[in-house]
Amino acid sequence: MAAEITSFGWRVHSARRLDNLRSRFFSAGALIAVIDVRKAEAQGLKAIAELSRSAAEGGIAILALVDSGQDRAIVGQCFDAGATHYLDFANVAADLGQAIKYAYRFVENFRGGADRAIHEQSLLTSADLQWSASLGSGTDYWISENLLAAAGEIDLRKYPVTGIYRALSREEKKRARGAMGRLRDGARQAAIPHRFNGRPVLHHLHEADGRIFGRIEYLAKGEEADDWTERDLLSGLQNSASTRSWIQDKLAGGSQLTLIAISIKNFRMINAAFGRHAGDQLLRIVGRRLMEYTERHYRGPNLVARLDGQNFLIALADIEEDRVSDFANDLIGSIFSNLLLEGRPINPAVRAGVAIGDSNSSEKTLIRKAVLALAEATAADAVPIHFSTVSEADVHLEEVLERELAGAMGRGEIVIAFQPQIRVDTGQLVGAEALARWEHPEYGLLGASTLFSVAERAGAMESLSPQIHKQALTLAAAWPDSLGFLRLSINVTAGDLATSGFDKDMLRQVDIAGFDPDRLTLEITESELIGNLSESADKLHRLRRAGIGIAIDDFGTGYSSLSYLKELPVDYLKIDSGLTGDISGSEKDQVVVRSIIDMAHSLNLGVIAEGVETEAQLKTLKEQGCEFFQGFLRSGPLSPDEFEAFALRSN
């Protein structure tokens, strides 16, 4: 069957058994599953059901090959199991080639057209470990860059055609000779299981147009990964659950473990620029490179995992501490250089956090220390790798806060503070920014950075943001009539904007609170890239038509400031405190701030400066034409009662 489909021009991965079927299918990047149900109905239906769990979200086609002459009910059973197409060989006109073409049309439509589907497949193909050679010639050959990079000690430049064969064991060479014999005897495809640089692979071979083509597919790694339920389907690496078990076992066995948590900081920007499927392919390439690098450069027990999203983890048992820094730096320099997507070089901003533990550590605490170190590296742009310095007590505190957050929201411990916003030229109070705080009964008042980082890790942002918005609007609506001129600014994240119906929910909250939408400004946190810019723009346009103002927060520190100005309906720019901090003394900072202000004015936008702490900074902002400011020069964040008193005095 595989040979016949190969003759139609398709790249084929074949499997005789159900073992790890779903995992192998998705790690191969396949788009169509052809499942032969004839004379194997129970196994065939099970295979269909196994793949159909991801068919809808993955946009794959499942073509069932049946014979209704043997079982009249089989077509319906395949449909119930999740097949998207079928071919009935009881029909003498059944055409397998055409059936696959129809199935592929389904895939094209799901993925947005033929060009998009072809593009995605080209990305998958470019990452394959492939080679080809002309039959009977040792000089006409081609080897993919990925295969050359993965070859390790196998010298494919010296022995391009026979290099892999030379490294095989006696039994593996026997299998290879048998496969080549089958090709010479007329078979169009063969596959050889063997080891490649110590890792089990399946080597797919096929012959076409006088050439032999080879493609290497990595299989699960030995006894540690026989069960693909322990694997991340996208990258083929270990998943979070199996990682925790591995770390737990190694710590219990007395090993010292070094964890290196790695993240692609600008992955959202890459996803937005190249598309989600290209981003997925980048994660596959990075995962493969991490695995290959680790196995080449560390011979001790190790594990490479994908934790979630763009985050990876490498665990090394008993590596000398003085080697860790060099290993981590060399790994990042090697893995993330010379990466291409769509033929264009990309420059991922990579950060890493390192934590070291021994048998006195728990796997949960050790992983948390590595993740917290990664968060610090991500926040500090100048330092790509951060070694954990947090204590067990600090990690314990983080865990306590995560557990208590949901209850804190229910108990009313999440409170609002208002920071006044002032006119630069007159000193008049014009409004306030609502800032969230956690009034913890044991640890006191916790700031927004702690609150939101805990909420992010606890997966509570979706419920936290609406609660903060509701509280701020309700409090502002209760201001005295004499303060009815004040504006309210509330913060909106990219996650908020991505929520379905965000604009309608916001307008409903404004209406319920009884707050005038003409006095409301939404501040979009620019450092978090908006994924679907056009969809977000539509929502913001609807809110703006209702009278709500739009500001870009932290302007100049994020990824796509200019595209935001072009696409979004913006009324104000907020200059980040990091840019205003030194403007009274630094000529460069003055030039940057002045250019932002001039650009904003040329676009008829207002400008608000954050973090103003000195009269010299305020004087410089006034000279440069900035309209509004906020900062400790006039007031820090105030409780609702304190702000009302401050506002009445100002008025």
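Leaving aside neighbours within four places in sequence, which residues is His203 in contact with? They are Trp131, Ile164, Ala190, Ala191, Ile192, His194, Gly214, Arg215 and Ile216. Keep in mind as you browse that this is a predicted model.

- You will find His203 in strand E7, which covers residues 199–208.
- His203 counts as buried because its relative accessibility is 5%, and the cut-off for buried is under 20%.
- Trp131, one of the contacts of His203, also takes part in a polar contact: its side chain pairs with the side chain of His203 at 2.9 Å.

**Helices H3 and H5**
- Helix H3 (residues 41–52) packs with helix H5 (residues 74–81) at an angle of about 30°, and their axes are 8 Å apart.
- The two helices are therefore roughly parallel to each other, since angles under 35 degrees count that way.
- On the H3 side, the contact uses Glu41, Leu45, Ile48, Ala49 and Ser52, while H5 brings Ile74, Gln77, Cys78 and Ala81.
- Sorted by class, this contact of H3 with H5 has 6 nonpolar, 2 polar and 1 charged residues.

**Helices H18 and H20**
- The axes of helix H18 (residues 461–477) and helix H20 (residues 502–513) cross at roughly 30° and come within 9 Å.
- The crossing of H18 and H20 is right-handed.
- From H18, the residues Pro466, His469, Lys470, Leu473, Thr474 and Ala477 meet Met506, Gln509, Val510 and Ala513 from H20.
- The class breakdown for H18 with H20 is 6 nonpolar, 3 polar and 1 charged residues.

Note on methods: Residues are numbered from 1 along each chain as its sequence is written. This is a predicted model: local features need pLDDT of at least 70, side-chain atom pairs count only at pLDDT 80 or more; totals for chains, interfaces and linings use all residues. Side-chain values use heavy atoms; hydrogens and water are left out. Helices (H or I, at least four residues) and strands (E, at least two) are DSSP runs, numbered from the N terminus. Buried means under 20% relative accessible area, exposed over 50%, partly exposed in between (1.4 Å probe, protein chains only). A polar contact is a pair of N or O atoms within 3.5 Å; within protein, one must be able to donate a hydrogen and the other to accept it, and residues adjacent in sequence count only if both atoms are side-chain atoms. Contact means heavy atoms within 4.5 Å. Axes are lines fitted to C-alpha atoms, for helices over the stretch in contact, and angles run from 0 to 180 degrees between N-to-C directions. A crossing is left-handed if the near helix is turned anticlockwise from the far one by less than a right angle, and right-handed if clockwise. Ala, Val, Leu, Ile, Met, Phe, Trp, Tyr, Cys and Pro count as nonpolar, Asp, Glu, Lys and Arg as charged, and the others, Gly among them, as polar. Angles under 35 degrees count as roughly parallel, over 145 as roughly antiparallel, 65 to 115 as roughly perpendicular and the rest as oblique.
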